[in-house]
Amino acid sequence: MKKHIEKFHYLTLDMENFRHIQQAEMACKAGAKWIQYRTKNKRSTEQWIAEATQIANICDDWGVTLIICSNVDVTEKVDDAQGVHIELADMSVEQAREILG
């Protein structure tokens, strides 16, 4: 079976000069079809959800897939996020599946 995934993806990073929201907008305008929101500096889950929701709205406007990195709880609360990227250091695959269904 032939599988298809877009060739242009973008991974946001914690940067001093560009907020994640700005990075998502620039990537969408440049034609990215898939964005992974990756932050390690959020002080609270509420901050993470608020920023992820804004990025999800941008992605939705452009028809871009949004993956949230390393936080299943945030992914579950952001309606327009399509998925989560986890590593074994984040939680087990089984735990993630239990939370996300």
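Trainee: Does Met-26 count as buried, partly exposed or exposed?

Mentor: This is a predicted model, in which local features need pLDDT of at least 70 and side-chain atom pairs count only at pLDDT 80 or more, while totals for chains, interfaces and linings use all residues. Residues are numbered from 1 along each chain as its sequence is written, and side-chain values use heavy atoms, with hydrogens and water left out. Met-26 is found in helix α1, where helices (H or I, at least four residues) and strands (E, at least two) are DSSP runs numbered from the N terminus. Because buried means under 20% relative accessible area and exposed over 50%, with partly exposed in between (1.4 Å probe, protein chains only), the 42% relative accessibility of Met-26 makes this residue partly exposed.

Trainee: How many disulfides does a search of the whole structure find?

Mentor: A disulfide is taken as a pair of cysteine sulfur atoms within 2.5 Å. For Cys-28, which is buried because its relative accessibility is 3%, the closest cysteine sulfur is that of Cys-59 at 4.5 Å, too far for a bond. Cys-69 is likewise buried, at 3%, and its closest cysteine sulfur, again in Cys-59, is 14 Å away, too far for a bond. The number of disulfides found in the whole structure is 0.

Trainee: Which residue has a positive phi although it is not a glycine?

Mentor: The residue in question lies in the loop between β3 (65–69) and α3. The phi is about 65 degrees, and the residue is Ser-70.

Trainee: Which residues does Thr-75 contact, leaving aside its neighbours within four places in sequence?

Mentor: Thr-75 sits in helix α3 (residues 72–77) and counts as buried because its relative accessibility is 7%. With contact meaning heavy atoms within 4.5 Å, the partners of Thr-75 are Ile-68, Ala-81, Gly-83, Val-84 and Leu-100.

Trainee: What separation do the C-alpha atoms of Ala-32 and Gln-47 have?

Mentor: Ala-32 lies in the loop between α1 (20–29) and β2 (34–37), where it counts as buried because its relative accessibility is 1%. Beyond four places in sequence, Ala-32 touches Phe-8, Tyr-10, Ala-27 and Val-64. Gln-47 is 15 residues away from Ala-32 along the chain, and their C-alpha atoms are separated by 25 Å.

Trainee: What is the radius of gyration of the chain?

Mentor: The chain has 4 helices and 4 strands, which run β-α-β-α-β-α-β-α from the N terminus on. The radius is taken over C-alpha atoms, and the globule rule is 2.2 Å times the number of residues to the power 0.38. That rule gives 13 Å for 101 residues, and the chain is as compact as a globular protein of that length because its own radius of gyration, close to this value, is 13 Å.
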